Amino acid sequence: MAYLNFAALQGSPVAVPTDVASAPRTQTGFSALEWQVVAIAQHDRLSSLERPGRLATALTMIFGGQRPNPALADSRLEALRRLAVLAWHKGYSVPRAAIRAFHEAGFTLEQYETLLASISRGRAALNQGNRA
């Protein structure tokens with residue numbers, strides 16, 4: 001019969017918690033406010049991403065009215081809104097400039113993937129609802 005002496009391991013852990021958690025965690029989700037921005041972006045038109053021209057500005061001044069969704073005051077949330085609007089309308093074919101602006105605003109690659117996956121599921125659900 002074999003005998004293993006475990007007394008030598010007593011008191012000395014096999015894996016130290018710092019060894020296990022040495023890789024930094026990146027943020028993959030969004031805050032509640034950020035998810036609200038994504039939800040609002042679903043109803044925004046692509047034209048909300050463009051600056052109004054002189055004629056549109058003049059007509060607004062003459063006839064009144066407001067632009068439906070002016071740019072958000074927070075540049076980080078505006079970058080999220082812009083990318084979400086493009087993703088709601090174009091799916092995964094988002095221009096590189098919008099992706100770059102999204103990353104420059106402080107969002108991670110994992111958040112980009114989470115956003116596109118979520119919007120893709122939402123688009124699929126909307127398409128299923130339209131067929132019924």
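Predicted model: local features only at pLDDT ≥ 70, side-chain atom pairs only at ≥ 80, totals over all residues.

**Helices, burial and charge pairs**

Student: How many buried residues are there among the 10 residues of helix 3?

Tutor: Helix 3 is hardly covered. Helices (H or I, at least four residues) and strands (E, at least two) are DSSP runs, numbered from the N terminus. Buried means under 20% relative accessible area, exposed over 50% and partly exposed in between, with a 1.4 Å probe and protein chains only. Among the 10 residues of helix 3, the count of buried residues is zero.

Student: What pattern does the protein chain follow along the sequence?

Tutor: The secondary structure of the protein chain comes to six helices and zero strands. Buried residues make up 23% of its 132 residues. Read along the sequence, the pattern is α-α-α-α-α-α.

Student: Is F63 buried or exposed?

Tutor: F63 has its place in helix 3, residues 54-63. Its relative accessibility is 66%, so F63 counts as exposed.

Student: Which residue takes a positive phi just after helix 3?

Tutor: The phi angle in question is about 80 degrees. The residue that takes it, just after helix 3, is G64.

Student: Which residue forms a salt bridge with D44?

Tutor: A salt bridge is a side-chain nitrogen of Lys or Arg within 4 Å of a carboxyl oxygen of Asp or Glu; by this rule the count comes to four. D44 lies in the loop between helix 2 (32-41) and helix 3, and its partner in helix 4, so the pair ties together parts that are 37 residues apart in sequence. The N to O distance is 3.0 Å, and the partner is R81.

Student: Why are E78 and R81 separated by about one helical turn?

Tutor: The side chains of E78 and R81 meet in a salt bridge of 3.0 Å, N to O, and E78 counts as buried at 9% relative accessibility. An α-helix has 3.6 residues a turn, so residues three or four places apart point the same way. E78 and R81 are separated by about one helical turn because both lie in helix 4, and their spacing in residues is three.

Student: Which residues are linked with R82 in a network of salt bridges?

Tutor: R82 pairs with E78, the closest N and O atoms being 3.6 Å apart. These two are four residues apart in helix 4, which means a separation of about one helical turn. R82 counts as partly exposed, at 34% relative accessibility. The residues linked with R82 in the network are D44, E78 and R81.

Student: How are helix 4 and helix 5 oriented relative to each other?

Tutor: Helix 4 (residues 75-90) and helix 5 (residues 96-104) pack at about 150 degrees, with their axes 9 Å apart. Axes are lines fitted to C-alpha atoms, for helices over the stretch in contact, and angles run from 0 to 180 degrees between N-to-C directions. Angles under 35 degrees count as roughly parallel, over 145 as roughly antiparallel, 65 to 115 as roughly perpendicular and the rest as oblique. Helix 4 and helix 5 are therefore roughly antiparallel.

Student: What is the handedness of the crossing of helix 2 and helix 4?

Tutor: Helix 2 and helix 4 pack at an angle of about 40 degrees, with axes 8 Å apart. That makes helix 2 oblique to helix 4. A crossing is left-handed if the near helix is turned anticlockwise from the far one by less than a right angle, and right-handed if clockwise. The crossing of helix 2 and helix 4 is right-handed.

Student: What is the C-alpha to C-alpha distance between E104 and A79?

Tutor: E104 lies in helix 5 and is exposed, with a relative accessible area of 64%. E104 and A79 are 25 residues apart in sequence, and their C-alpha to C-alpha distance is 8.8 Å.

Technical notes. Residues numbered from 1 in each chain as written. Heavy atoms only, no water.
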